[in-house]
Amino acid sequence: LSTVIIDGLSNYQGLEVKGVGAARPQVKFTNVNQGLLGQIYGTEGNALVIATGTGGATAITIDSSQRVGIGAAPNDYQVVIREASNSEVLELSTNDSNCTLAFSKNGDPVAKIVAYEDGAAGTGAFRFYTGTGASPTESVRISSAGYVGIGTTSPNNNATVADRIQLGIGNTAQVGGRASGS
């Protein structure tokens, strides 16, 4: 049997679950009608595992380095998300008209991707920001019409570029079906 201690008088407070001998400590969630619904347990490698379903399939693992695996074991990355089927793997959602995925180093923003509505509700578009400091600047925009803007916030064609384009096709640049050499 496992030991459950609820004690506010010692060095810890709350609930402690201890395994006996080689048994791993675990908390199981069961239902009379459905059996095992899920469990939380520790491993010998000091990882915390959250498992679901009657087979106890691992859903989330947090290892001793605080790396997280969702649907997979943690590896060299801080977060690993893996889906066995061909469905969507990650959804970012908000109640606002913007949903941001930000990238930072030591808490300082370096880039971000913003999905937003650029017209009627449900018309999705993207803005890509790059740079350093507190406010990365918008570099690329993809409108809901599929227009791509580089260096402009209002693309009005399949590709709109605010400044020069350099093509690395030998010494030839091709624009509008015509080639010009250097």
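Predicted model: local features only at pLDDT ≥ 70, side-chain atom pairs only at ≥ 80, totals over all residues.
Local features need pLDDT of at least 70 and side-chain atom pairs count only at pLDDT 80 or more, while totals for chains, interfaces and linings use all residues. Residues are numbered from 1 along each chain as its sequence is written, and side-chain values use heavy atoms, without hydrogens and water.

**View 1. The largest pocket and its lining.** A pocket is an open set of points on a 1 Å grid where a 1.4 Å probe fits, with protein on both sides within 12 Å along at least five of seven lines; lining residues have an atom within 4 Å of a point. Here the space comes to about 190 Å³, the volume filled by probe spheres set on the points. Look for Ser97, Cys99, Ala115, Tyr116 and Gly124, which lie nearest the centre among 14 lining residues. Strand 9 (98-105), strand 10 (108-117) and strand 11 (124-130) each give two or more residues to this lining; strands are DSSP runs (E, at least two residues), numbered from the N terminus.

**View 2. Leu92 in its loop.** You can find Leu92 between strand 8 and strand 9. Leu92 counts as partly exposed because its relative accessibility is 44%, and that class runs between buried (under 20%) and exposed (over 50%), using a 1.4 Å probe and protein chains only.

**View 3. Gln66 and its positive phi.** Most residues other than glycine have a negative phi. Gln66 is not a glycine, yet its phi is about 60°. This residue sits in the loop between strand 6 (57-62) and strand 7 (68-70), and Gln66 is exposed, at 56% relative accessible area.

Technical notes
Helix = DSSP H or I, 4+ residues; strand = E, 2+ residues; numbered from the N terminus.
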